[in-house]
Amino acid sequence: MILDATSTSTSTSTSASASSSVVAAVSSSSSIEADAETVFEYHKMAMPLQRPVDAVFCLCSLDVRVARRAAELFLEGYGDRLIFSGGVGVLTQGRFAKPEAEVFADIALEMGVPAEKLVVENRSTNTGENVRFVWDLLQMKGGEMVRSFVLVQKPYMERRTYATFKKQWPGPETAISVTSPQLGWAEYPDADNPRELVTNIMIGDLIRIREYPAKGFQIHQDIPDAVWEAGQRLIKAGYDSHLP
């Protein structure tokens with residue numbers, strides 16, 4: 001078969017266009033991953049853990065790895081109480097058969113934490129309620145004083161948990177540090193915490209970190225320009241389903 005110059009030119013042009021589209025898609029995906037990692041690492045505070053502390057305070061969620069991290073810390077000798085706080089939130093409705101705190105407490109019991117060491121608050125639906133409801137529960141238990149905590153959260157919720165706790169916990173002298181499952185961005189997403197969902201949530205939390213101090217929900221946290229710009233690019237790329 002003889003191909004004329006026009007056919008050859010068209011074929012070459014089509015092939016080049018397809019190759020360019022693939023390169024653009026790969027480049028876009030790489031940029032999204034880089035921006036997501038930037039935001040993820042900002043949310044992680046990498047605080048040194050205090051010891052001794054009065055209690056490990058786990059803020060429950062859809063990620064049961066957080067329960068295991070909290071139980072491990074308790075079993076390593078951090079604190080005399082292990083507190084789980086969480087009811088049924090937007091992200092766990094229909095996911096668990098019972099409140100988050102009860103699911104997490106079951107995991108801790110399976111790992112060997114004694115039942116009498118657990119404090120379970122199963123009504124809260126957001127971070128502010130985690131703080132206030134646990135305070136109320138401790139007062140109901142005889143005003144037990146807890147002057148130091150290790151807070152345990154998802155990696156991309158460390159900073160907002162810290163800022164909320166510092167603003168809303170009624171004991172301003174209480175010493176806190178924050179930790180999470182020890183995973184980087186490349187390892188963190190899994191079947192139960194898919195990459196797209198996690199990216200959407202942590203972009204929403206980045207906006208909350210900027211906006212919530214003015215509402216009285218959190219203390220101020222500086223956001224570096226590079227982090228804010230990465231978040232804005234991700235919003236433009238469509239990661240906007242969990243914005244406040």
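Which strands does helix α4 lie across, and at what angle does α4 run to β3? Helix α4, residues 127-140, lies across β1, β2 and β3, and runs at about 125° to β3. Angles here run from 0 to 180 degrees between N-to-C directions, with axes fitted to C-alpha atoms, for helices over the stretch in contact.

Ground rules. This is a predicted model: local features need pLDDT of at least 70, side-chain atom pairs count only at pLDDT 80 or more, and totals for chains, interfaces and linings use all residues. Residues are numbered from 1 along each chain as its sequence is written, and side-chain values use heavy atoms, with hydrogens and water left out.

Now the overall layout. The chain has seven helices and five strands. Those are DSSP runs, numbered from the N terminus: helices are H or I with at least four residues, strands are E with at least two. From the N terminus, the order is α-β-α-β-α-β-α-β-α-β-α-α. Of the 244 residues, 47% count as buried. Buried means under 20% relative accessible area, exposed means over 50%, and partly exposed is in between, using a 1.4 Å probe and protein chains only.

On to the sheet. Five strands form an open sheet, ordered β3-β2-β1-β4-β5, with parallel pairing. β3 (118-121) and β5 (175-179) stand at the edges with a single partner strand each, so one side of each has no neighbour in the sheet. The twist averages 20° from one strand to the next. Two strands count as paired if DSSP finds at least two bridges between them. β4, residues 148-152, pairs with β5 over five bridges. There, Ser-148 stands opposite Ala-175. Helix α2, residues 65-75, packs on the sheet and touches β1, β2, β4 and β5. The direction of α2 makes about 180° with that of β1.

How many residues of β1 are buried? Five of its five. Ala-55, Phe-57 and Leu-59 point one way, and Val-56 and Cys-58 the other. In a regular strand, side chains alternate between the two faces of the sheet. β1 also pairs with β2 over five parallel bridges, and Val-56 has Leu-82 as its bridge partner there.

Next, the largest pocket. Its volume is about 700 Å³. The lining has 30 residues, and Thr-125, Asn-126, Thr-127, Met-157 and Arg-160 lie nearest the centre. By class, the lining is nine nonpolar, 15 polar and six charged. Helices α4, α5 (158-168) and α6 (195-215) each supply at least two lining residues.

Lys-98 counts as partly exposed because its relative accessibility is 35%. Beyond its neighbours within four places in sequence, Lys-98 is in contact, meaning heavy atoms within 4.5 Å, with Val-103 and Asp-106. Asn-193 sits in the loop between β5 and α6. Asn-193 is buried, because its relative accessible area is 1%. With neighbours within four places again left aside, Asn-193 is in contact with Leu-62, Asp-63, Arg-65, Tyr-188 and Val-198.

Terms used:
On a 1 Å grid over the protein atoms alone, a cavity is a set of points where a 1.4 Å probe fits but cannot get out, and a pocket is an open set with protein on both sides within 12 Å along at least five of seven lines; lining residues have an atom within 4 Å of a point. Grid points are joined across faces, edges and corners, and a volume is the space filled by probe spheres set on the points. Ala, Val, Leu, Ile, Met, Phe, Trp, Tyr, Cys and Pro count as nonpolar, Asp, Glu, Lys and Arg as charged, and the others, Gly among them, as polar.
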